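Keep the sequence and the 3D view open while reading.

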Amino acid sequence: KRGTMGFLESFFGPSKKEIWQQVCVELGGRYVDRGFFQSDKMEIDHRNWTITFDTYTTRTNNSTTRYTRIRAPYINPDGFRFEIYRKSIFSSLGKLFGLQDITIGDPQFDDDFIIKSNDQYKVMALLSNHEIKNLITLQPQIYFSVKDDEGWFSKKFPKGVDELYFRVVGYIRDIDRLKNVYDLFTTTLDYLCRIGSAYENDPGVKI
């Protein structure tokens, strides 16, 4: 007879930990067990950057929301920033508060996504890369952006260092989806270097 864990695995499928460990093996990453008070994480290196996957939970009143996030600090010499996320019933409300989105001339993509940036021409160049645009489209949920630091209550980055950032609601347990996000990060970082909006140097930040 199989034990309780075997029964749970057959009922719910492999755990997040097992799936993430498998991804680490396939992509040459590291699975880091951070103990009881912090979620485990996986780290995968690409050139001089480290792409970190982890999860976190927010609690509001009686509601709990779980998130998967992926982050990669990098040197951003020109301060190029963007936000890309799928449209929803709520995202269109941004226009009521003066938030303007950018269109790239692809009717399907423009219809599905909100695109914001401080440089229209650079974000259009980024999304002219078919691989990047396809990897974004493959994500059923996506919030993909450049952030200047980790927020008020966490790590502050040195001047000139920003963070490529991805977040979705729920824990990602799909191997192909995790690999696609990894490919999105590596392809985007490489392309940012090509257009002068990232340096390949080690940013000197650990998260």
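Buried means under 20% relative accessible area, exposed means over 50%, and partly exposed lies in between (1.4 Å probe, protein chains only).

## Basis and confidence

This is a predicted model: local features need pLDDT of at least 70, side-chain atom pairs count only at pLDDT 80 or more, and totals for chains, interfaces and linings use all residues. Residues are numbered from 1 along each chain as its sequence is written, and side-chain values use heavy atoms, without hydrogens and water.

Mean pLDDT (the predictor's confidence in each residue, from 0 to 100) is 88 for the chain, with 85% of residues at 70 or more. Residues 1-11 fall below 50. Where pLDDT is low, the predicted coordinates should not be read in detail.

## Cysteines

The structure has zero disulfides (cysteine sulfur pairs within 2.5 Å). Cys24 is buried at 4% relative accessible area. Cys193 is partly exposed at 26%.

## Salt bridges

The whole structure holds 11 salt bridges. Each is a side-chain nitrogen of Lys or Arg within 4 Å of a carboxyl oxygen of Asp or Glu.

Asp106 pairs with Lys133, the closest N and O atoms being 3.0 Å apart. Lys133 is buried at 15% relative accessibility, while Asp106 is partly exposed at 23%. Asp78 bridges to Lys122, with closest N and O atoms 2.5 Å apart. Here Lys122 is buried at 19% and Asp78 partly exposed at 37%.

Conventions:
Contact means heavy atoms within 4.5 Å.
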